[in-house]
Amino acid sequence: EPIALIGVSKVPAMTRASLSRRSLLLGAAPVIGLVTLPAQARAPSLDFVVIGDWGRGGRSRQGEVARQMGRGAAAIGSRFVISVGDNFYEDGVVSVADPQWQSSFEQIYTDPALLTTWHVILGNHDYQGDVAAQLAYSARSPHWSLPAPYYTRTERLADGTSVELFFLDTSRYMLEYPHRPKVRVQGQNKQAQIDWL
């Protein structure tokens, strides 16, 4: 089922366990907690929402998760959304005109707080469809941003500090994927991304 994570930035280094105590998980998972600081104590932050495994055609409580995600995004003043892959189940999209763009994305994430830019990366289910269509959809939608299978972007905080975000394509490194004919990662240049990074 789709799970959205709303995180709080500017927190000290932490373990996975401490991160789960400081984050708000929405959807099928229970509320774990959300760290807030008094306004005068807050450092400049970069607030955003992260979601993965969401392209369900509106099924598997996707609409419920989207509504809660919108509430959470509004509460923290989310600047954008990061989609961490598996954007369309089961087998990606077949073109920029695939009906899943509407049934899984455009007609689901309609809350005003989610009508921001979605910075997207690919998952193995996306590689079972037409990856070029997901790249090309960036030119069709003001909300979808997937300029390349891996990329970086810089965000500026209110105090002028820059934060660089790296969006990586990890599917090409999964040893079992080249042996799964549906996951079309064969021929990917693994070293090119490592050199870039």
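**View 1. W196 in the predicted model is partly exposed.** Its relative accessibility is 33%, where partly exposed lies between buried (under 20% relative accessible area) and exposed (over 50%), with a 1.4 Å probe and protein chains only. This is a predicted model in which local features need pLDDT of at least 70 and side-chain atom pairs count only at pLDDT 80 or more, while totals for chains, interfaces and linings use all residues. Residues are numbered from 1 along each chain as its sequence is written, and side-chain values use heavy atoms, with hydrogens and water left out.

**View 2. Aromatic pair of F105 and Y109.** The whole structure holds 18 aromatic pairs, counted when ring centres of Phe, Tyr and Trp (its six-membered ring) lie within 6.5 Å; planes under 30 degrees apart are stacked, over 60 edge-to-face and the rest tilted. The F105 and Y109 rings have centres 6.4 Å apart and planes at 45°, so this pair is tilted. F105 and Y109 are both buried.

**View 3. Aromatic pair of F166 and W196.** The ring centres of F166 and W196 are 6.0 Å apart and the planes stand at 70°, so the pair is edge-to-face. F166 belongs to strand β8 (residues 162-167) and W196 to helix α5 (residues 190-196), so the pair ties together parts 30 residues apart in sequence; helices (H or I, at least four residues) and strands (E, at least two) are DSSP runs, numbered from the N terminus. F166, at 42% relative accessibility, is partly exposed.

**View 4. Ring cluster.** W54, F88, W101, F105, Y109, W118, Y137 and W144 are linked into a cluster by ring pairs.
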